[in-house]
Amino acid sequence: MTTHTQTQGSHEKPMWDPYVAGFFLGLVLLGTFLVVGRGLGASGALARFTARITDVFAPTWVSSNGAFGGYFAKGARWWDDWLVFEVIGVVLGGLAAGLTSGRFGLQVERGPRVTPRQRLFFAFLGGAIVGFGARLAQGCTSGQALTGGATLALGSWAFMFAVFGGAYGIAYFVRRLWT
Amino acid sequence: MMPFKPETWIAYTFAILSGFAFGFVLERAGFGSSKKLAAQFYLRDMTVLKVMFTAIVTAMLGLVVLRSVGLVDMEKIYVNPTFLGPQVAGGLIFGAGFAIGGYCPGTSVVAAATGKIDALAFLGGAMAGILGFAGAYGKIARFATSGGGKRQFLMDWLHLSYGTVAILVTLLALGMFAGAEWIERKMRGSPEEDPSETHSAAPTPAE
């Protein structure tokens, strides 16, 4: 099914077929399993960046915090983690793909019925909810659903179905944002 | 025997390279767009489901095959520990935020890298939410760490072998792909020609 109908300017390269993209994504994931014995992720690195920024303002609070403290424990370095380097790669890869596909451009992407200001507010709100949920679940769609899913981890599969459940459960109530 | 587990600087270099590939594929899948991601939840575009389950099945089958021929030691591969309560609660919260914000963390990084300002707002929010979790941690730590945190698999829950579960997951994915194609045809409303159900690598002229 390659007939995409979403916004595509004449200068944009077509997106990959979803199954092809998924296959390559699976190969990347398999590669990280085989080389380093770990998968992909995103929210774990965001947590470390958040802790690092908070550390500028409230170092004692951060080092005594149950969720953040470990990143700054004796002998530990906040950036010393596979995911931190992986996410730097994600930024570069996303940028390279955007520049070469013609889909790079400053914009506030939004549904047809919301203003840019409303979109930014709801993006921030949704992000905050996602950030909280990801820490509670100890991972996100990348680190839990995708990575844990491929290793057949029980909790990761529970997380994945819960994500779809939460999203489909609220979608009707926030339909004005997207439709 | 894999995983190789190279020394730290090689692993981190490989992390940047595999992150690059990850971000590149996400963009090419169209996941730098919140509208496309959110459309999954209105059944208008099932790309999220298709990409995700194709990736899971690909990596899963790779591990199963390599394990069966003795090339990979699963014991040395990190498996997310299972905390059922917090993972289900966190997943429900996460899903709600996904539908409101239009991104998940990884896709928001890709979207921000391609110039989406709403993705920067989402990332700012995500960091605020992570900070909020840390702030509330004293009160919720008991729940957040409940559930054992053991290395548990679908195999343990279903009392089936690794290979059998892999086959079942593959069949589940194929069933969902068929459902996804059906839904997309239905939602487009038109009895379109759609001559091929084959999924060739490059966009063919027919499309």
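Predicted model: local features only at pLDDT ≥ 70, side-chain atom pairs only at ≥ 80, totals over all residues.
Residues are numbered from 1 along each chain as its sequence is written, with chains lettered from A and ligands numbered from 1 in the order in which they are written.

Helix α8 of chain B covers residues 162–188, where helices are DSSP runs of H or I with at least four residues, numbered from the N terminus. Within α8(B), the buried residues are B:Val165, B:Ala166, B:Val169, B:Ala173, B:Phe177 and B:Ala180. A residue is called buried if 20 or more other C-beta atoms lie within 10 Å of its own, exposed if 12 or fewer do, and partly exposed in between, with C-beta atoms placed from the backbone. The buried residues of α8(B) pack against α3 and α7 of chain B. B:Ile167 also belongs to α8(B), but it counts as partly exposed because it has 14 C-beta neighbours inside 10 Å. From C-alpha to C-alpha, B:Ile167 is 31 Å from B:Ser146, and the two are 21 residues apart in sequence. Just after the helix, B:Gly189 takes a positive phi of about 80°.

Turning to the contact between the chains, chain B gives 115 residues and chain A gives 117; two residues are in contact if their C-beta atoms, placed from the backbone, lie within 7 Å. On the side of chain B that touches chain A, the elements with two or more residues include α3, α6 (117–144) and α8. The largest share of that side, 20 residues, comes from α6(B). By class, the side of chain B that touches chain A holds 71 nonpolar, 31 polar and 13 charged residues. Here Ala, Val, Leu, Ile, Met, Phe, Trp, Tyr, Cys and Pro count as nonpolar, Asp, Glu, Lys and Arg as charged, and the others, Gly among them, as polar.

One helix pair across this contact can be followed in detail. Helix α1 (residues 18–36) of chain A packs with helix α3 (residues 47–68) of chain B at an angle of about 40°, and their axes are 7 Å apart. Axes are lines fitted to C-alpha atoms, for helices over the stretch in contact, and angles run from 0 to 180 degrees between N-to-C directions. The pair α1(A) and α3(B) is therefore oblique, given that angles under 35 degrees count as roughly parallel, over 145 as roughly antiparallel, 65 to 115 as roughly perpendicular and the rest as oblique. Among the residues that meet are A:Tyr19, A:Phe23 and A:Phe33 of α1(A), and B:Lys50, B:Met52 and B:Leu63 of α3(B). This contact has 16 nonpolar, 6 polar and 1 charged residues.

Some backbone details complete the picture. A:Gln138, in the loop between α5 (116–137) and α6 (141–150) of chain A, has a positive phi near 60° and is buried, with 24 other C-beta atoms within 10 Å. A:Leu152 lies in the loop between α6 and α7 (154–171) of chain A; its phi is near 65°, and A:Leu152 is buried, with 25 other C-beta atoms within 10 Å. In chain B, a cis peptide bond with omega of about 0° joins B:Met2 and B:Pro3.
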